[in-house]
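Trainee: I have just opened this one and would like a slow walk through it. Could we go piece by piece?

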Amino acid sequence: MSSHNDPFAASGNSPTRSDGPDFRCENHGSLFLLFPLTQHAQSWIEEHFPEDVQWFGNAVVVEHRYIWTILDGIQDAGLAASRG
């Protein structure tokens, strides 16, 4: 699978690229937890999620039917997510 089709692969053009990913994504069955790990990730969430987004601790709660579209959007923004 090429990195273009793998939303967990770094795109390589992120202005935030440092030692690690911008997000950590955890699969919990019907729900996913999306942890912003950088300031750019936090800003991306604020820009792309509604104000009443559901938080669980430091993670955004995402239904399984939306996670791949969200991960594609993260990759399209030049950010990276890791499996957690």
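Mentor: Let us begin with a term: a residue counts as buried under 20% relative accessible area, as exposed over 50%, and as partly exposed in between. Please keep in mind too that this is a predicted model.

Trainee: Okay, so is Leu-31 buried, exposed or partly exposed?

Mentor: Leu-31 has a relative accessible area of 38%, so it is partly exposed. Its place is in strand β2.

Trainee: What does Leu-31 contact, leaving aside its neighbours within four places in sequence?

Mentor: With those neighbours left aside, Leu-31 is in contact with Glu-26, Val-61, Val-62 and Glu-63. For Val-61, the separation is 30 residues in sequence, while the two C-alpha atoms are 6.7 Å apart in space.

Trainee: And Leu-33, is that buried or exposed?

Mentor: Leu-33, which also lies in strand β2, is buried, with a relative accessible area of 10%. Beyond its neighbours within four places in sequence, Leu-33 has contacts that include Arg-24, Cys-25, Phe-56 and Val-60. Its C-alpha atom is separated by 9.8 Å from that of His-64, a residue 31 places away along the chain.

Trainee: Let's look at α2, then. How many residues does it have, and how far does it reach?

Mentor: Helix α2 covers residues 64-76, which is 13 residues, and from its first C-alpha to its last it reaches 19 Å, close to the 18 Å expected at 1.5 Å a residue.

Trainee: Which residues of α2 are buried?

Mentor: They are Ile-67, Ile-70, Leu-71, Ile-74 and Gln-75. Looking down the axis of α2, you would find these buried residues within an arc of 140°, so they line one face of the helix.

Trainee: Why would residues three or four places apart point the same way?

Mentor: An α-helix has 3.6 residues a turn, so residues three or four places apart point the same way.

Trainee: What do the buried residues of α2 pack against, and which residues are exposed on the other side?

Mentor: The buried residues of α2 pack against β1 (23-28), β2 (31-36), α1 (39-48), β4 (59-63) and β5 (81-83). On the other side of the helix, Arg-65, Thr-69 and Asp-76 are exposed. Just after α2 there is also Gly-78, which takes a positive phi of about 85°.

Trainee: Switching topic: how many aromatic pairs does the structure hold?

Mentor: The structure holds two aromatic pairs. One of them joins Phe-23 and Trp-44, edge-to-face, at 6.0 Å centre to centre and with 80° between the planes. Because Phe-23 lies in strand β1 and Trp-44 in helix α1, this pair ties together parts that are 21 residues apart in sequence.

Trainee: And how are the rings of Trp-44 and Phe-49 placed?

Mentor: The ring centres of Trp-44 and Phe-49 are 6.1 Å apart and their planes stand at 70°, so that pair is edge-to-face. Phe-23, Trp-44 and Phe-49 form one aromatic cluster. As for burial, Phe-23 and Trp-44 are both buried, and Phe-49 is buried as well.

Trainee: Last topic, charges. How many salt bridges does a search of the whole structure find?

Mentor: The search finds two salt bridges. In one, the side chains of Glu-26 and Arg-24 meet at 3.1 Å, N to O; Glu-26 is buried, with a relative accessible area of 16%, whereas Arg-24 is partly exposed at 27%. In the other, the side chains of Glu-63 and Arg-65 meet at 2.9 Å, N to O; Glu-63 counts as partly exposed at 36% relative accessibility, and Arg-65 is exposed, with a relative accessible area of 55%.

Trainee: One more on Arg-24: which ring does its charged end sit over?

Mentor: The charged end of Arg-24 sits over the ring of Phe-35, 4.0 Å from the centre of that ring.

Conventions: Residues are numbered from 1 along each chain as its sequence is written. Side-chain values use heavy atoms; hydrogens and water are left out. Helices (H or I, at least four residues) and strands (E, at least two) are DSSP runs, numbered from the N terminus. The expected span of a helix is 1.5 Å times one less than its number of residues. Buried means under 20% relative accessible area, exposed over 50%, partly exposed in between (1.4 Å probe, protein chains only). The arc is that of the directions from the helix axis to the C-beta atoms. Contact means heavy atoms within 4.5 Å. Rings of Phe, Tyr and Trp (its six-membered ring) pair if their centres lie within 6.5 Å; planes under 30 degrees apart count as stacked, over 60 as edge-to-face and the rest as tilted. A charge sits over a ring if NZ of Lys or CZ of Arg is within 6 Å of the ring centre and within 35 degrees of the ring normal. A salt bridge is a side-chain nitrogen of Lys or Arg within 4 Å of a carboxyl oxygen of Asp or Glu.
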